[in-house]
Amino acid sequence: MLFRDLAFSVGAGEALQLEGPNGSGKTSLLRAIAGFLEPRAGIIRIRTNNGQSHSSGEERGSFIGWLGHQDGAKSQLTPREALSFQSRYYGDAAPVDEALGRVGLSRVSDLPVQYLSAGQKKRLALARLSLSARPLWLLDEPLASLDAAGKTFVAELVRQHCERGGLAIIATHEAIGLQGPRLSLGNRDT
Amino acid sequence: MNAFLALLVRDMRLATRAGGSAMLAVAFFAAVAALVPLGVGADLKLLGRIAGGVLWVAAVLAALLSLDRIFQSDFEDGSLELLVLGPLPSEAVALAKICAHWLTTGLPLTILSPVLALLFNLPARGYDALIASLALGTPAISAIGAIGAGLTLTVRRGGLILPLLILPLISPAVIFGAGAILASLDGLSNGAFPLLGAFSFVAVLLSPFAAAAAVRLNLQG
């Protein structure tokens, strides 16, 4: 068992940071919230402004903007193709060029993703997330392989999302430079 | 519907790009079908009789080559999570991927088959049955293959187990498909086409549900 007696809530405009050593269950918690993992016991619920509550994994999925370990970019597609597929698939409005410019990928926007560096792929994933209209962002180690400017950009992106009333849960080892509540996993006394 | 089309187009684009599976399947199909007459020898009568069966087996093997990638490449680079979280139910994701797989393997193989049948001296009255049976039956290969691809998603070297899992399930398509071609050569009225169609229809109808369940199960890992 990874954790028990775990209870927390995140309100609109809040960014919760998950902390804890390797193997403490940060990723598993995010996957459980996203509905990939079914918790053995307990309830994960999303309550919307109009009073509806969604507790099944499949219902929760439609609220979630996901940034996982892997970047979710096909190596044969170019960043531009990847983003325009993503926005067509999710049905979001798509200022694709603007999003690519924001994350500093304009120069490589027509190069297949396989030629991009790890940091550039992460930037592409951030551009994808910034286009998504999903209210709850789940970010798993968003700072990995990013340079200093990229790390500031992540913090800025999350801050803007929260200012629009969005929520974010961020699993990270490094200081991300955000105010807000923290949740520490893995402090087991048994 | 837009999301479904977007996914369909993306998967077809990936399959036809450099390193994609479409050309590989077509080339493999042509290579196998060209080798058999060389091995069997110049017995024109015999070749004409076995043409349907050999082309069907070659088509199944060619489609198998790319089946394990239906979900696996998306699973490895993290795209699968994004697809599942998207607006489409995972059953529709599976259906889109089955359609894309058929359009990039089953359909080109069907179109190529009459050309390869020339190597077998297939009698003229067999061509209609050959094309019709492949067009009708190959969707079942893609559909049933998707179940196997979903089940072997997290198995190391799952591509090796996949054929063992799905070949028995696909065998009715081969029996009815090759049987339909033989029956038309013999000028018999045959019930193979309705059975092949029914088999394919049920496979395409039910497989997305099984494949989606298998994918959800594997995402828990």
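Me: Which residues of E6(A) point one way, and which the other way?
Reply: In this predicted model, strand E6 of chain A covers residues 167–171, and five of its five residues are buried. A residue counts as buried if 20 or more other C-beta atoms, placed from the backbone, lie within 10 Å of its own, as exposed if 12 or fewer do, and as partly exposed in between. Strands (E, at least two residues) and helices (H or I, at least four) are DSSP runs numbered from the N terminus. A:Ala168 and A:Ile170 point one way, and the other way point A:Leu167, A:Ile169 and A:Ala171.

Me: How are the residues and chains numbered and lettered, and what pLDDT do local features need?
Reply: Residues are numbered from 1 along each chain as its sequence is written, while chains are lettered from A and ligands numbered from 1 in the order in which they are written. Side-chain atom pairs count only at pLDDT 80 or more, totals for chains, interfaces and linings use all residues, and local features need pLDDT of at least 70.

Me: Which residue is the bridge partner of A:Leu136 in E6(A)?
Reply: Strands pair if DSSP finds at least two bridges between them. Strand E5 of chain A (residues 136–140) runs parallel to E6(A), with five bridges. Within this pairing, A:Leu136 has as its partner A:Leu167.

Me: Which residue of E6(A) is the bridge partner of A:Gln17?
Reply: Strand E1 of chain A (residues 15–19) is joined to E6(A) by four bridges, and the two run parallel. The partner of A:Gln17 is A:Ile170.

Me: Which residue of E5(A) is the bridge partner of A:Ile64?
Reply: E4(A) and E5(A) run parallel and are joined by four bridges. From E4(A), A:Ile64 and A:Trp66 point one way and A:Gly65 and A:Leu67 the other, and all are buried. The partner of A:Ile64 is A:Leu136.

Me: Which residues does A:Leu138 touch, not counting those up to four places away in sequence?
Reply: A:Leu138 is among the residues with the most contacts inside the largest nonpolar core, which has 115 residues. Such a core is a set of buried Ala, Val, Leu, Ile, Met, Phe, Trp, Tyr and Cys residues joined through C-beta atoms within 7 Å. Contact means that C-beta atoms, placed from the backbone, lie within 7 Å. The residues touched are A:Leu30, A:Ile33, A:Ala34, A:Ile64, A:Trp66 and A:Ile169.

Me: How many residues of chain B are in contact with chain A?
Reply: The contact takes 20 residues from chain A, and from chain B it takes 19 residues.

Me: Which element of chain A gives the largest share of the side that touches chain B?
Reply: Strand E4 (64–67) and helix H3 (79–90) of chain A each supply at least two residues of that side. The largest share, four residues, comes from H3(A).

Me: Why does B:Leu122 count as buried?
Reply: B:Leu122 is found in the loop between helix H6 (90–117) and helix H7 (127–151) of chain B. Leaving aside neighbours within four places in sequence, its contacts include B:Gly48 and B:Ala51. B:Leu122 counts as buried because its C-beta neighbours inside 10 Å number 24.

Me: How far apart are the C-alpha centres of domain 1 and domain 2 of chain A?
Reply: An automatic or database domain assignment gives the domain bounds. Chain A is divided into domain 1 (7–63 + 135–190) and domain 2 (74–133). Their C-alpha centres lie apart by 22 Å.

Terms used: Contact = placed C-beta atoms within 7 Å.
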